[in-house]
Amino acid sequence: MEKKWEEMSAVEKREARFETWMSAAGVQFHNPKAEANYKAAVTRFKDIVQMEKVPDRVPVLPFGIFMQPHLYGVTPYEAMYDTEKMLSAQLSFIKDYGPDYYTTPVLVGYGKIFDILDYKQYKLPGHGISEKSVYQYVEDEYMLADEYPALIQDPTDFWLRTLMPRAYGALDPLKMIAPFTDMWEVVLVSTQMIPFGIPPVQAALKALLDAGNEAMAWIQKIMGFEMQARGMGCPGCFGGATKAPFDILGDTLRGTRATMLDMYRRPDMVLKAVERLTPLAISQGVRGATMQGCPVVFIPLHKGADGFMSDAQFKEFYWPTLKTVILGLAAEGCVPFLFCEGSYNTRLEYLKELPEASCMWIFDRTDMTRVKEAIGKKICIGGNVPSGLLLTGTPEEIKAYCRNLIDVAGKGGGYLMCTGTAMDEGKADNVHAMIDFTKEYGVYK
Amino acid sequence: MAEDLVSALADLEEKEAGKIVEDRLNAGEDPLKILDDARRALEIVGERFASGEYFIPDLLYSGEILKGITAMVKPRLSKTTAVRRLGKIVFGTVAGDIHDIGKDIVVFMLDVNGFEVYDLGVDVPAEKFVEKIKETGAGIVGLSGFLTLAFESMKQTIQAIKYAGLRDKVKIMIGGGQIDEQVRGFAGADAYGKDAIDAVNLAKSWIGG
């Protein structure tokens, strides 16, 4: 008899999640070779994560957001507004370049939705920046210094009635509604509804409906692409996504500057806030992995990189809650995919605290020899192909770089060949060189 | 007393530094002396950053504390006070890129180290750099960028400077998240700096400060 989910161990849960990913439910493989390629790619991924056996070869993920469209002459503006055009480039990329996995085009987002909501936290291509520029975060204090207690008391209410009105122009009227926890029993239901009769609030709700309709049309196209890509033998490699709690505070709420200053001016509030956000971050990652049928949870890391804070600050403000998120995801059978842009040379001692085969770390500018030595024998590592080299170097230079990575970081398995950063552009010959060379030289004998 | 402000600011003791400045102003001290102490403190902050004791948040915080001190001192300053400057630098985040945190820190450190910095802001077209170099006669240009598309913008900016006949009149440094020696060669800059202190050292070596 099959065990109930809650009775399973973390290892059993992860096994079940990998099985779901491997089963490719609903996918029509184009031919037997495509099916074999899909399964080989998932098996390879599982091997590098589990660290129990050496995979057949080093798997390769050219991590791109706007890179695939760029390689086919599709601008960031077009990629965000002409979904068909963007997806057609994504499919061509899989066909022409043969990566082991695709990075989901969900990361590109859909321009119309941002327009309807009047999103203010990012500048989008063609809106105050060039159509050739990618979306870029607008640094600001979306949560004010004196709002920590409100966030800590009830994050969801804070998002709904404070952050969303501020970050999305069309949702500004949501600040007029009352907390939904006010709505207990018969005597208060009628009064709770009053704000929903106010025309601006209704306009905000209408914006949500309109955005929802656009989102539904968009996700159907995306799903069409995803099934097609899998049918061609290329699995997507992300299930869910989440963030380090400190990054939610630093990126989404307070902005970089204010968060850095808060570590001096209101350290207790920072600590309470990140602790409050931790279970929400775990839950978000687990739900995504379950919904997508893939155990891998993408976690882009930002404010904890070398230089961005001292060792003492990392130890106090950043690491404890990130570690809890990693362990919490792993306990649910997920595979946290820590995407570590910048460098992490001074943080490697902390990473040693993580249990064997509990997650994977993809690096940008960290010294891979030291990484392999510090954690690479018990935790999957990857990345380190530099964007500068990929965009300005030659195929020969790329091959030499990848050869060294395979020799050093790939030794004995547990390594994913991957770009060090999420690429927005590409140089065709160099992307080919990275993929083809890995497939050829990265075979384990 | 003087030592107290230097160490309070260098140790990032915001409240203490503010209190000392208030007391000294109330005692009728020359505000320039206070600013001089603040500058000495920022030098120590820079040294601590260079030696790996301080990090980006410490630089930001020291800047915040200095901002507060300057605001307190400013009303007492006479308008004729001239500050000796080492040299002029035109600085900006290149076209297509709106990131400014790194740029702002570098501009701040160059400023407190005695350079006159013309900060053109973000998403700066190549022509604007050229115009500003002509207008100011600056001998140093700093190009900042966080995105990979900045590689190409930096290259184009440097080419525009060359076409304007200014390339041999300026030294050009680049920096930002994905910038490295490889990109420096591609863009045709004179040097790449990995942080604000690198930028200060480069500028000093070029202008001889």
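Ring pairs tie Phe66(A), Phe114(A), Tyr119(A), Tyr122(A), Tyr135(A), Tyr137(A), Tyr142(A) and Tyr168(A) into one cluster. Rings of Phe, Tyr and Trp (its six-membered ring) pair if their centres lie within 6.5 Å; planes under 30 degrees apart count as stacked, over 60 as edge-to-face and the rest as tilted.

This is a predicted model, in which local features need pLDDT of at least 70 and side-chain atom pairs count only at pLDDT 80 or more, while totals for chains, interfaces and linings use all residues. Residues are numbered from 1 along each chain as its sequence is written, chains are lettered from A and ligands numbered from 1 in the order in which they are written, and side-chain values use heavy atoms, with hydrogens and water left out.

Start with the rings. Over all chains, the structure holds 33 aromatic pairs. Phe93(A) and Tyr97(A) make a stacked one, with 4.7 Å centre to centre and 25° between the planes. Both sit in helix H5 (residues 83-97) of chain A; they are 4 residues apart, so about one helical turn separates them. Helices (H or I, at least four residues) and strands (E, at least two) are DSSP runs, numbered from the N terminus. Phe93(A) is buried, and Tyr97(A) is buried too. Here buried means under 20% relative accessible area, exposed over 50%, and partly exposed in between (1.4 Å probe, protein chains only).

Tyr122(A) and Tyr137(A) pair edge-to-face, at 5.6 Å centre to centre and 70° between the planes. This pair links distant parts of the chain: Tyr122(A) is in strand S2 (residues 122-123) of chain A and Tyr137(A) in strand S3 (residues 136-137) of chain A, 15 residues apart. Tyr122(A) is partly exposed, at 31% relative accessible area. Tyr137(A) is buried, at 15%.

Now turn to the charges. The structure holds 47 salt bridges over all chains. A salt bridge here is a side-chain nitrogen of Lys or Arg within 4 Å of a carboxyl oxygen of Asp or Glu. Glu78(A) bridges to Lys85(A), with the closest N and O atoms 3.0 Å apart. Glu78(A) is partly exposed at 22% relative accessibility. Lys85(A) is partly exposed at 36%.

Arg266(A) and Asp262(A) form another salt bridge, their closest N and O atoms being 2.6 Å apart. Asp262(A) is buried, with a relative accessible area of 0%. Arg266(A), at 25%, counts as partly exposed.

One bridge crosses between chains. The side chains of Arg365(A) and Asp180(B) meet at 3.8 Å, N to O. Arg365(A) lies in the loop between strand S7 (360-363) and helix H16 (368-374) of chain A, and Asp180(B) in the loop between strand S4 (171-175) and helix H8 (181-187) of chain B, so the pair joins two chains. Arg365(A) is partly exposed at 25% relative accessibility, whereas Asp180(B) is buried at 15%. Salt bridges also link Arg257(A), Asp100(B), Lys103(B), Asp104(B) and Asp119(B) in a network.

Last come the spaces. On a 1 Å grid over the protein atoms alone, a cavity is a set of points where a 1.4 Å probe fits but cannot get out, and a pocket is an open set with protein on both sides within 12 Å along at least five of seven lines; lining residues have an atom within 4 Å of a point. Grid points are joined across faces, edges and corners, and a volume is the space filled by probe spheres set on the points.

The second largest pocket has a volume of about 1,100 Å³. Its lining counts 34 residues, with Leu66(B), Thr70(B), Arg85(B), Asp111(B) and Val112(B) nearest the centre. The elements giving two or more residues to this lining are helix H12 (256-265) of chain A and, from chain B, helix H3 (31-50), helix H4 (56-73) and helix H5 (101-112). H3(B) gives the largest share, 8 residues. Domain 1 (2-76) and domain 2 (88-207) of chain B both contribute to the lining, so the pocket lies between them. These bounds come from an automatic or database domain assignment.

The structure holds 1 cavity of 30 Å³ or more. The largest cavity has a volume of about 40 Å³. Its lining is Phe246(A), Thr256(A), Thr259(A), Met260(A), Met263(A), Lys303(A), Phe308(A) and Met309(A). H12(A) supplies the largest share of that lining, 4 residues.
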